[in-house]
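Subject: Structure handover

Hello,

Here is the structure for you to take over. Please open it first, then read my notes below.

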Amino acid sequence: MLGLLRRGVLGGLVAGDRVAVDEAEALGVGQGPLAYGLRPGQDAAARVGGGALLTPATLALIYRGFEEGPARNRALGAWGMAGSAGLAAGSLLGGVLTSALGWEWVFFVNVPLAVGAVLAAPRLLPSDGRPASGPRGFDVPGALLATAGSTLVVFGLASGPEAGWGSVRGAGSLVAGLALLALLVLVEARGRDPLIPLRLVRRRGPATTMVVIAVFQGTLGGAYYVLTTYLQPVLGYSALEAGLTFLPLTLVCMAAALKAAPVMLGRWGIRATLSVGMLGAGAGIAALTAGMPAGGGFWTLMPGSLVWGFFGGVAFVALFVAAGAGVAPEAQGVASGLASTAKEVGGAMGLAVFVAVATASPDLLGGLHAAGWAAAAATALGGLAALALEPNPTTEGITS
């Protein structure tokens with residue numbers, strides 16, 4: 001978590017093109033040794049560190065390279081489509097590679113992809129130089145507090161079902177984590193170079209966007225857990241069969257991100273598009289949950305998959321359009337780092353919550369239904385929260 005926060009914000013403080021190349025290299029180099037199991041701590045750190053910085057670095061390149069409006073919307077639509085394509089490929093190829101060549105190839109296959117990215121990036125990406133304001137310091141106390149607080153909250157949520165919610169591992173970790181996060185706010189308010197510039201998130205728009213990003217990613221992870229558990233332990237699907245079941249969802253998500261989201265953003269604006277996307281995604285998760293009877297399967301899941309895929313693709317693009325809206329050019333990198341951090345931390349916390357809900361019931365299918373309905377409700381609440389966004393954000397006051 002420390003690497004995520006440190007590298008996520010760092011991605012906005014140095015040249016985005018150089019960061020993207022360095023982290024693609026780190027991500028690829030870490031895969032081979034990790035597959036062999038050699039020096040796992042270091043290699044896992046290289047893999048996670050590279051991935052943590054690669055997302056905000058690519059976001060910063062888009063934010064800086066495309067002005068707000070249709071051009072940036074289309075660029076983020078392509079970015080979202082690429083993420084959905086990776087998910088589709090991973091769902092299908094993961095089972096094939098594991099069955100045919102062994103689990104190590106899930107890591108090996110990333111090496112040539114990363115090498116190709118490293119070789120192509122200097123030729124395809126324009127250099128954005130160095131920040132005009134010069135290098136900033138690194139907020140060590142803020143990074144430590146954010147890391148420890150977030151980790152303890154996730155640990156408490158994950159430990160509660162097993163150790164008991166009143167135990168030290170459960171309630172104790174949650175209370176300690178929340179206390180550290182409260183202390184983080186005080187430290188960041190007084191720091192000279194804060195890890196999380198409070199003036200960036202003090203306004204309603206950025207703060208609301210980070211919350212909705214965390215909700216979206218948390219319910220996304222929870223719903224994927226519910227669907228995967230239903231397909232394999234409940235229905236007995238193989239890894240390949242489960243991957244094929246995910247395919248309609250991801251294909252629709254790709255099309256929605258690339259084609260529908262930019263059009264909706266241009267016609268309706270960020271606030272309405274994001275709200276509709278989140279509410280529609282919640283409806284899709286609800287339909288998916290309703291299509292999970294004991295004797296269900298591919299066709300009972302299809303309606304929910306299509307609805308969730310379409311509106312989820314729209315919401316994903318709108319979220320990251322909102323994250324960079326009204327932010328001054330010199331703060332775009334920091335905004336991308338904060339959005340990426342909200343995405344990752346929200347995903348971890350959300351998954352812990354929905355796993356806890358699913359495992360609270362002695363009946364596996366009943367627990368999955370409870371978690372699915374909870375994820376649908378939380379996503380819909382995120383759609384209502386999106387209505388708090390400013391209709392026309394301006395750059396006034398939103399600087400690093």
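Start at valine 357. Leaving out residues up to four places away in sequence, valine 357 touches Gly367, Ala370 and Ala371. One of these, alanine 371, is 14 residues from valine 357 in sequence, and the two are 5.5 Å apart in space, C-alpha to C-alpha. Valine 357 sits in helix 14. Its relative accessibility is 30%, so valine 357 counts as partly exposed. Please keep in mind that this is a predicted model.

**The chain as a whole**

The protein chain has 15 helices and zero strands. Of its 400 residues, buried ones make up 47%. The accessible surface comes to about 17600 Å². Carbon and sulfur atoms account for 69% of that surface. Now take the contacts between residues at least 6 apart in sequence: 80% of them join residues at least 24 apart.

**The cores**

The largest nonpolar core has 41 residues. Which of them touch the most other members? They are Leu76, Ile213, Ile270, Leu274, Val317, Leu319 and Phe320. Several helices each supply at least two residues of this core, including helix 3 (40–65), helix 4 (70–100), helix 10 (204–234) and helix 14 (332–359). Helix 13 gives the most, with 10 residues.

Phenylalanine 320 deserves a look of its own. Setting aside neighbours within four places in sequence, phenylalanine 320 is in contact with Leu59, Tyr63, Leu76, Trp79, Ile213, Ala339 and Lys343. Another core lies apart from the largest one. This other core has 23 residues, among them Ala223, Tyr230, Ile285 and Met292.

As background, nonpolar side chains tend to be buried together in soluble globular proteins.

**Aromatic pairs**

How many aromatic pairs does the structure hold? There are eight. One is formed by tryptophan 79 and phenylalanine 316. That pair is stacked, at 5.5 Å centre to centre and 15° between the planes. It links distant parts of the chain. Tryptophan 79 is in helix 4 and phenylalanine 316 is in helix 13, 237 residues apart.

Phenylalanine 316 also pairs with phenylalanine 320. This second pair is tilted: 5.1 Å centre to centre, with 55° between the planes. The two residues are four apart in helix 13, so about one helical turn separates them.

Is phenylalanine 316 buried or exposed? Its relative accessible area is 17%, so phenylalanine 316 is buried. Phenylalanine 320 is buried too. Trp79, Phe216, Phe316 and Phe320 form one aromatic cluster.

**Two threonines in helix 10**

Threonine 209 lies in helix 10. With a relative accessible area of 0%, threonine 209 is buried. A polar atom of its side chain lies 2.9 Å from the backbone oxygen of glycine 205. Beyond its neighbours within four places in sequence, threonine 209 is in contact with Leu319, Ala322, Ala323 and Leu389.

Threonine 229 is in helix 10 as well. Threonine 229 is buried, with a relative accessible area of 11%. What does threonine 229 touch, not counting residues up to four places away in sequence? The residues are Val234, Leu364 and Leu368. Alanine 358 is 129 residues from threonine 229 along the chain, and their C-alpha atoms are separated by 10.0 Å.

**The salt bridge**

A search of the whole structure finds one salt bridge. Lysine 343 forms it with glutamate 344. The closest N and O atoms are 3.0 Å apart. In general, side chains of opposite charge can pair when their charged atoms come close.

The two partners fall into separate accessibility classes, as follows. Lysine 343 has 15% relative accessibility, so it counts as buried. Glutamate 344, with a relative accessible area of 35%, is partly exposed.

**Where to begin**

I would take helix 13 as the way in. Phenylalanine 316 and phenylalanine 320 are both in helix 13.

Best wishes

Terms used: Residues are numbered from 1 along each chain as its sequence is written. This is a predicted model: local features need pLDDT of at least 70, side-chain atom pairs count only at pLDDT 80 or more; totals for chains, interfaces and linings use all residues. Side-chain values use heavy atoms; hydrogens and water are left out. A nonpolar core is a set of buried Ala, Val, Leu, Ile, Met, Phe, Trp, Tyr and Cys residues joined through side-chain atoms within 4.5 Å. Buried means under 20% relative accessible area, exposed over 50%, partly exposed in between (1.4 Å probe, protein chains only). Contact means heavy atoms within 4.5 Å. Rings of Phe, Tyr and Trp (its six-membered ring) pair if their centres lie within 6.5 Å; planes under 30 degrees apart count as stacked, over 60 as edge-to-face and the rest as tilted. A polar contact is a pair of N or O atoms within 3.5 Å; within protein, one must be able to donate a hydrogen and the other to accept it, and residues adjacent in sequence count only if both atoms are side-chain atoms. Accessible areas come from the Shrake-Rupley method with a 1.4 Å probe; for residues, only the protein chains shown count as cover. A salt bridge is a side-chain nitrogen of Lys or Arg within 4 Å of a carboxyl oxygen of Asp or Glu.
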